[in-house]
Amino acid sequence: MKHNNLFLESLSPESRSFLMRLCAEVDLPLRKSLYEPGIVPQYAYFMTSGIASVVAMMENGGMAEVGLIGREGVVGSFHLLGPAKVSTSCFIQLEATALRIRFADLLNVFRTNQEVRERVLEFVQEQAVSLSQLAGCNRLHDNEERLARWLLMAQDRTQSETLNFTQEFLGMMLGARRTTVTLIAGGLQRQGLIKYQRGRVKILERGKLEAASCDCYQITKELYASLYCHPVPMGEIDGDVAGEQAVSAGTSGSEKLVGSGKSVARRGAAAKKGTTSSKG
């Protein structure tokens, strides 16, 4: 399996190579649980294909999707931010592949490597902003607009015209019954925008489907498109500037990590000195 995770591809070769050495390639079947509410996961995942759904569950057994993660993301990223319990669960809703890393290893890299930390925070911010937009969408827009928006978001992440989703899952995403899903999908099909049959959705007219969706799609599309567009220039991360720091938790002492605090301090001091000289 060739890795095709946008998070990893945004990193410098040194940081990416280091993380890759800590990863294992895995297949993720439908319904595979990636983490449960209130529990720190054993593993995090750099998705390389498919879709993972982030779901909020209620005491009465009801659930609603509050996020989706494809090959742009890191499942488990919210757990890196602090001790607060994450109340959502995450599981595979479109058969997937990923690079799996021990959560303890990723947490250690997050704490010691500035570049990785900044990219994780960028992804988490994109997820948080998207979630706030979709919260309003679920309250204010009708089911047909929301289904069109969600199908477009899913296609952006899979790069596939055909999406295999059950009525049960689409109903959970919309917060609607299966009969409602059938009615809404049937309406989009009669307009010639999709072909829907037995849990398989094929997008026929993407442009028209975008027109049928709510304006939330364009907002989330721009967030997705701008993700990782401003990574640290690779030329700035070399052996002299970035330095090396041994990883202490969960990794071998012979493995080194790019991006030490001392090198950042040296870079800041050099910049300050240059500013002082220019004033003289």
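Which strands does H5 lie across, and at about what angle does H5 run to S7? The close-ups below take this up. This is a predicted model, in which local features need pLDDT of at least 70, side-chain atom pairs count only at pLDDT 80 or more, and totals for chains, interfaces and linings use all residues. Residues are numbered from 1 along each chain as its sequence is written, and side-chain values use heavy atoms, with hydrogens and water left out.

**View 1. Helix H5 lies across S7, S8 and S9.** H5 runs at about 105° to S7. Helices (H or I, at least four residues) and strands (E, at least two) are DSSP runs, numbered from the N terminus. Axes are lines fitted to C-alpha atoms, for helices over the stretch in contact, and angles run from 0 to 180 degrees between N-to-C directions.

**View 2. Strands S7, S9 and S8, in that order, form an open sheet with antiparallel pairing.** Two strands pair if DSSP finds at least two bridges between them. S7 (162-164) and S8 (194-197) are the edge strands; each has a single partner strand, so one side of each is left without a neighbour in the sheet. On average, neighbouring strands here are turned by 15° against each other, direction ignored. Look for the four bridges that pair S8 with S9 (residues 200-203) in the antiparallel sense; Ile194 stands opposite Ile203 in S9.

**View 3. Helix H5 (residues 143-158) packs with helix H7 (residues 178-190).** Their axes are 10 Å apart and meet the eye at an angle of about 75°. That makes H5 roughly perpendicular to H7 (65 to 115 degrees). H5 contributes Asn143, Glu144 and Leu147 to the contact (heavy atoms within 4.5 Å), while H7 brings Thr180, Ile184, Ala185 and Leu188. By class, the contact has four nonpolar, two polar and one charged residues. Ala, Val, Leu, Ile, Met, Phe, Trp, Tyr, Cys and Pro count as nonpolar, Asp, Glu, Lys and Arg as charged, and the others, Gly among them, as polar.

**View 4. Cys214 is in no disulfide.** The nearest cysteine sulfur, that of Cys137, is 3.6 Å away, whereas a disulfide is a pair of cysteine sulfur atoms within 2.5 Å. A search of the whole structure finds zero disulfides. Cys214 counts as buried at 4% relative accessibility, and so does Cys23 at 16%. Buried means under 20% relative accessible area, with a 1.4 Å probe and protein chains only.

**View 5. Leu107 is found in helix H3 (residues 103-112).** Leu107 is buried, with a relative accessible area of 17%. Its C-alpha atom is separated by 9.5 Å from that of Ala44, 63 residues apart along the chain.

Conventions. Parallel < 35°, antiparallel > 145°, perpendicular 65-115°, else oblique. Buried < 20%, exposed > 50% of the residue type's maximum accessible area, 1.4 Å probe, protein only.
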